[in-house]
Structures are given as structure tokens and as C-alpha cells.
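Please look over the structure below. Questions and answers about its side chains and its fold follow.

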Amino acid sequence: MADVSVHQTSENAVNPLDIIEEIVTANEWPCERAADEELVAQIPGRWCDYRVYFAWNEDMSALHFSCALDLRLPKHRRGVVTELLALANERLWLGHFDLSGEDGLPTFRHAVPLRGARGATVEQIEDLVDVALTECERFYPAFQYVVWGGKDPAEAVAAACMEPMGEA
């Protein structure tokens, strides 16, 4: 059985939302910071504008991030979208897709533990946003194929993950 030791330190990580707010402002993305531990921004993408949400939990020293796709799902298509989510998630190294409970939007989520660090770096935040936007842009057409095109989830994921070769 693994032995887990708990070591508490009096040094808490710096709130990463301060860095995130600077990045968002520098990119001129519309944002709102309703509280010290929450920030919401809108980032334009190729297929839609993405609503990104950052939450900082100081007690856990963890940063939660989500990126919602602007794609409404009819209730009768949610079952097949769940299959698509599972297939897409198999292809991800970081984060996962799920359906948000409130509005049923496909959402990319990831959490970053920062215990022991003095805070997140600019590069970590940039990577977090870059990975999320890359995956959302890659899989957005797959959601469209399944929801509105009636395609099979496996076929939609295969099309989304196809790597083009050469130049046109």
C-alpha cells in the first residue's frame, strides 16, 4: 500500500488569475472577473467563439479551466454525443471533453494542481489555453457531423483526427 505523507507549508501559491487576466487583457479578449477566484473570457476561434472559465481554489492550490464550445445540442442527440465524447477523450493527452450540466454544451476541461509552486507561469497558462483551443478547434467539426450531419461518432472522430499530407 502506498504511503502518502502530507506536508503543509505556510506559503500559498500566488493566485494565477492575476497572470491570466494580464494575458487576456493583452490579447484584447472580452473578459469579466466577478470574484478574486473566477475569471470568464471569450476567445474567438475558427469555428465559433469559445467561452473560457478559470477558477482558482486556494485551499487545494488548484486551477480549474474549462472551454465551452458554442454548440447547442438537441436533447435527442445527447446519447450519441456522449459516445463521441468518449472517443475524443481517448485521443487527448491533457484534459477531457464533457457536457456541461447546466446547458449541455460540449466543454473541454482541465485542472492544474499548483501545490508547492509559487504560482502558475505565463508559459503554463499559455500552454493550457493553447491545448484547449487546439482540441476544441480539432473536434468542433466532429460535434457538427454527429449533431447536425447524423454521422457515426467513430467516423466523425476519424475525420477530425485525419492529418493532411503535403500542400495544395
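Q: Is Trp47 buried, partly exposed or exposed, and what is its relative accessible area?
A: This is a predicted model, where local features need pLDDT of at least 70, side-chain atom pairs count only at pLDDT 80 or more, and totals for chains, interfaces and linings use all residues. Residues are numbered from 1 along each chain as its sequence is written, and side-chain values use heavy atoms, with hydrogens and water left out. Buried means under 20% relative accessible area, exposed over 50%, and partly exposed in between (1.4 Å probe, protein chains only). Trp47 is therefore partly exposed, at 37%.

Q: How many aromatic pairs does the structure hold?
A: Rings of Phe, Tyr and Trp (its six-membered ring) pair if their centres lie within 6.5 Å. Planes under 30 degrees apart count as stacked, over 60 as edge-to-face, and the rest as tilted. The number of aromatic pairs in the structure is 5.

Q: Trp47 and Tyr140 form a pair: of which kind?
A: The ring centres of Trp47 and Tyr140 are 6.3 Å apart. Their planes lie at 5°, so the pair is stacked.

Q: How many residues apart in sequence are the parts that Trp47 and Tyr140 tie together?
A: Helices (H or I, at least four residues) and strands (E, at least two) are DSSP runs, numbered from the N terminus. Trp47 lies in the loop between β2 and β3, Tyr140 in helix α3. The parts that this pair ties together are therefore separated in sequence by 93 residues.

Q: Is Tyr140 buried or exposed?
A: The relative accessibility of Tyr140 is 7%. Tyr140 therefore counts as buried.

Q: Which strands hold Phe54 and Phe65?
A: Phe54 and Phe65 form a tilted pair, 4.7 Å centre to centre with 45° between the planes. Both residues are buried. Phe54 and Phe65 lie in strands β3 and β4.

Q: What is the strand order of the open sheet?
A: Two strands pair if DSSP finds at least two bridges between them. The pairing here is antiparallel. The 6 strands follow the order β1-β2-β3-β4-β6-β5.

Q: Which strands stand at the edges of the sheet?
A: An edge strand here has a single partner, so one of its sides is left without a neighbour in the sheet. The two are β1 (31–35) and β5 (96–99).

Q: Which residues of helix α1 (residues 17–26) are buried?
A: Seen down the axis of α1, the buried residues fall within an arc of 115°, so they line one face of the helix. That arc is taken from the directions from the helix axis to the C-beta atoms. On the other side, Glu22, Thr25 and Ala26 are exposed. The buried residues are Leu17, Ile20, Ile23 and Val24.

Q: Which residues are linked with Arg33 in a network of salt bridges?
A: A salt bridge is a side-chain nitrogen of Lys or Arg within 4 Å of a carboxyl oxygen of Asp or Glu. Another joins Glu21 and Arg33, with the closest N and O atoms 2.9 Å apart. The partners of Arg33 in the network are Asp18 and Glu21.

Q: Where do Glu135 and Arg138 lie?
A: The side chains of Glu135 and Arg138 meet in a salt bridge (2.7 Å, N to O). They are 3 residues apart, about one turn of the helix. Both lie in helix α3.
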